[in-house]
Amino acid sequence: MLKCRTVWKKLAPLARSSSTVCRQNVRRTVLNNGRTPTCVPAANMSTGPGGLGGDNLKYVVMVGAACVGSLTYAYFLLKGDQKRYQERMEEIMTRSQRAATEEPAATIQSEPPAVEATKTQAVPEPVPEAAPSLEKSSPPAPETEAAVASETTAPPPADEPVVEAPPEEAATPLAAPVVEEAADSTPASLKVPAHTPYLLIGGGTASFAAARSIRARDPGARVLIVTEEPDLPYMRPPLSKELWFSDDPSVTETLRFKQWNGKERSIYFQPPSFYINPEELASAENGGVAVLAGKKVVHMDVRGNKVKLDDDTEISYDKCLIATGGVPRNLQVIERAGEEVMKKTTLFRKIEDFKSLDKVSRNVQSITIIGGGFLGSELACALGRRSNESSLEVIQMFPEKGNMGKVLPEYLSNWTTEKVKKEGVKVISEALVKSVTCKDDKLEIHLKDGRLVKTDHIVAAVGLEPNVDLAKSAGLEVDSDFGGFRVNAELQARSNIWVAGDAACFYDIRLGRRRVEHHDHAVVSGRLAGENMTGANKPYWHQSMFWSDLGPDVGYEAIGIVDSSLPTVGVFAKATAKDTPKAATEKSGTGIRSESETEDTATSPEASVTPAPPVTHKDDYGKGVIFYLRDKVVVGIILWNVFNRMPIARKIIKDGEEHADLNEVAKLFNIHED
C-alpha cells in the first residue's frame, strides 16, 4: 500500500496534465470544426480513416507518449524504491546484531562509571596526578585517557572528568585513585575529530594565548589544542619561582601557590570547565576550545592540510599554529655517562620535573645544579632556602665567573653570586665539566681543572633547544643561526601556518632576526598569531620582556638584547621597602608581571626632577637601570629592582636614538624618588 500510494502521488500530476491537454485540444477542435464553412471544397477534406483527422492523430500520439513515459518512470521508481528498501532493512538487521554483540560488555561496565561519577563531584581541582595514571593505562587502548572525560560526563552534565569547585573545598587526596578507577573502567576510546578549523600544535603559553585570541575575534570558533603533555595548558614560570616557596605540603598535588603579594592562584590558565571534550568539538553550537592531551603530532602534510598523530590518527585543518616550544638541553658528558647517571639527572622543564625534583630534594643529601643562567640561579635560591630547614646540600656550578654572567655586567654578576651564597648555596664558578661517573651510589663530577664534586643528584639547566621536529615533514625553513622556524613579520611560515613562542625565529624591526625564550614573548606572539589566523594581518612589533626573581626580595625585568659582552652603563640608587618583587606584585595585583605590563604603552614619560647622585659602583646595588649599547644606541635595558616601568624601556629601544647622557635617561624611571 505504501509503495502504491507513493507511486500515485508522483504520477498523479503527470496524468492530470495529460488529460487537461487532451480536453483542451478536443475543445479547440470542436470549435474549429464549428467555424468551418459548409461549402468546403472536397480537396480540403480529410482522406484518412473516419474519426481520425490529422490533428486528432497528433493528440493520440502525444497521449500515448505520455503514458509510455509515465510507465517507464514508474518502473524505474519502483525498482529504486525496492533497492533502497532492501538496503534499509539490511542496515537495521546489522545494527540490531551489533547491539546484541556489545550488550554484554556494556552491562559489565555499567556500574563503575556511576560510582566514579559520584566521587568526581567531590573533586574540586584538576589534579595533575591524573595525567600519569592515564598514560600508564593507555597501552591496551591508545586513546583511553580522553575516553575518561566522555565517560565521566555521562551521569552529571559536565565537560570534564572532574567537576570544578572552590579551592577551599579541595579534596585532592581522593583525586588520584578516582581517576585511576575511571581509566580502568573505560569501555571505549575517544573519537578524535577528523577535522578542525583551528589546529594548535603544542599546549603551552603561546597556544593558550592564541586560542583565547581566536575566540575573542571569532566567538563561534572551534579550536583544537594537541599537546604531548598530559596536563591542560599551564604557566611555566612558577615551576622555578613561587611554587618552591609555598608552605603547603601538598603543593605538588594542588599546584596552587601564593604570589609575592599573598594572593593564591593555580598554575593552570583555566579550570577544566573552560574546555570542551574533543569529541564534542565538531557538534558544539557555539564552538569552544578542546585539548587533546598526551598526543604527539609526528607528521605534517602542508599540501593536504592535515597532520598525523603518534597513533596514526589523521586530523585535517583549515589553519594551523605551531607552538611546540623547546626541549631542555643536556651536557654531552652526562648523555655519554650511561643510564645510571641519567637516572640521577633532571632536565627541568615540565610539571613532572617539578614534582620529581621536589621529591628528590626531600630524600637525598646533596643536589648539584649545573648552569648559571636564569633557571639555574632561580632553582639554586629556591633549593638553598629549603636547605636552611633541612640537611640538604645545594651546589651550583657554571663556567662563568658569576651568576648570570652572560647577561649581567661583571660587577652585578658578582653581587648576585654573593646573594645566592647567602641563600645557603655553595657556588663553584669557572667550572667546566669533564666527565660524570656513578660510584657507590654517588655521582662524581670531574672538572677540567682537576676538582672533584660528589653529589646525589644533578639538575642540568644549560639552555633550551627549539622543537623543530615537524620541519622536515612540513618542509618548513629552520634558521641556521638562532634555530626555530623562520617566519615573516606576521609570524607566518606558510599562507595558513603560523608559529609562535620559543619555536619562532622572527624578524625584529629594531634588533634584527631573533628567537626569544620567555613567558612574555609566548603570550604576545601567541596572541598576535591568533589574531592573524582570524584575518588581522598585524606585524609583530612588540619588544618582549622577561623577568627573574631570586626570592621575594631581589628581582629584575629586562627587555631587548641583554648581553654582558656589550658595553653597559649602570645607574643605581638606594632601594626602599617597596623596591622588591613582593611589593611590585602587591601594586600590580598579579604575580605574572608581563600579563599586566604588556597591555600598557608609554606615551610621554616625565623625568624625575630629583637630581641624580654620582654614579658609583658600590657593593650594595639596591635598585637601578642598566643600559646595553650597540653603536652608541640602547639595544637592551635591565631594570634592577625597578618594577612597572617596562613601557618606558620599550619606548627607548623603539626610538633607537643616541643619548649623550644616560644619567638623564635614567631619570625617566624615577629611580631617585623614595
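## The nonpolar core

The largest nonpolar core of this chain has 130 residues, and those with the most contacts inside it are M300, F627, I637, I638, W640 and F669. A nonpolar core here is a set of buried Ala, Val, Leu, Ile, Met, Phe, Trp, Tyr and Cys residues joined through side-chain atoms within 4.5 Å. Buried means under 20% relative accessible area, exposed means over 50%, and partly exposed is in between (1.4 Å probe, protein chains only). Strand β28 (residues 633-640) gives this core its largest share, 6 residues.

Which residues does M300 touch, not counting residues up to four places away in sequence? The list is I201, K306, V307, Y317, C320, I322, L470, S473, A474 and I497. A contact means heavy atoms within 4.5 Å.

## About the model

What you see is a predicted model, in which local features need pLDDT of at least 70 and side-chain atom pairs count only at pLDDT 80 or more, while totals for chains, interfaces and linings use all residues. Residues are numbered from 1 along each chain as its sequence is written, and side-chain values use heavy atoms, with hydrogens and water left out.

The score pLDDT is the predictor's confidence in each residue, from 0 to 100. Its mean over the chain is 78, and 69% of the residues reach 70 or more. Over residues 99-188 the pLDDT is below 50, and this stretch has 120 contacts in the model beyond near neighbours in sequence. Residues 594-617 also stay under 50, with 48 contacts beyond four places in sequence. Where pLDDT is low, the predicted coordinates should not be read in detail.

## The chain as a whole

Let's step back and look at the whole chain. Its secondary structure comes to 19 helices and 28 strands. Helices (H or I, at least four residues) and strands (E, at least two) are DSSP runs, numbered from the N terminus.

How many of the 674 residues count as buried? The share is 49%. The accessible surface comes to about 33200 Å², and 52% of this belongs to carbon and sulfur atoms. Such areas come from the Shrake-Rupley method with a 1.4 Å probe; for residues, only the protein chains shown count as cover. Among contacts with a separation of 6 or more, 71% are between residues 24 or more positions apart.

## A look at one strand residue

V289 sits in strand β5 (residues 288-293). With 5% relative accessibility, V289 counts as buried. Leaving aside neighbours within four places in sequence, V289 is in contact with A211, R215, V223, I225, F274, Y275 and I276. Take Y275 from that list: V289 and Y275 are 14 residues apart along the chain, and their C-alpha atoms are separated by 5.3 Å.

## Salt bridges

Side chains of opposite charge can pair when their charged atoms come close. A salt bridge is counted when a side-chain nitrogen of Lys or Arg is within 4 Å of a carboxyl oxygen of Asp or Glu. By this rule the model has 25 salt bridges.

One of them joins K343 and E339, with the closest N and O atoms 3.8 Å apart. These two are 4 residues apart in helix α10 (residues 339-343), so about one helical turn separates them. K343 is exposed at 63% relative accessibility, and E339 is exposed at 59%. In K442 and D456, the closest N and O atoms are 2.9 Å apart. This pair links distant parts of the chain, 14 residues apart: K442 is in strand β15 (residues 442-447), and D456 is in the loop between β16 (452-455) and β17 (457-460). K442 counts as partly exposed at 26%, whereas D456 counts as buried at 13%.

Most residues other than glycine have a negative phi. L255 has a positive phi of about 55° although it is not a glycine. Its place is in the loop between α8 (251-254) and β3 (256-258). N537 also has a positive phi of about 55° without being a glycine, and N537 lies in the loop between α15 (519-533) and β24 (545-549).

Are these two residues buried or exposed? L255 is buried, with a relative accessible area of 0%, while N537 is exposed, at 59%.
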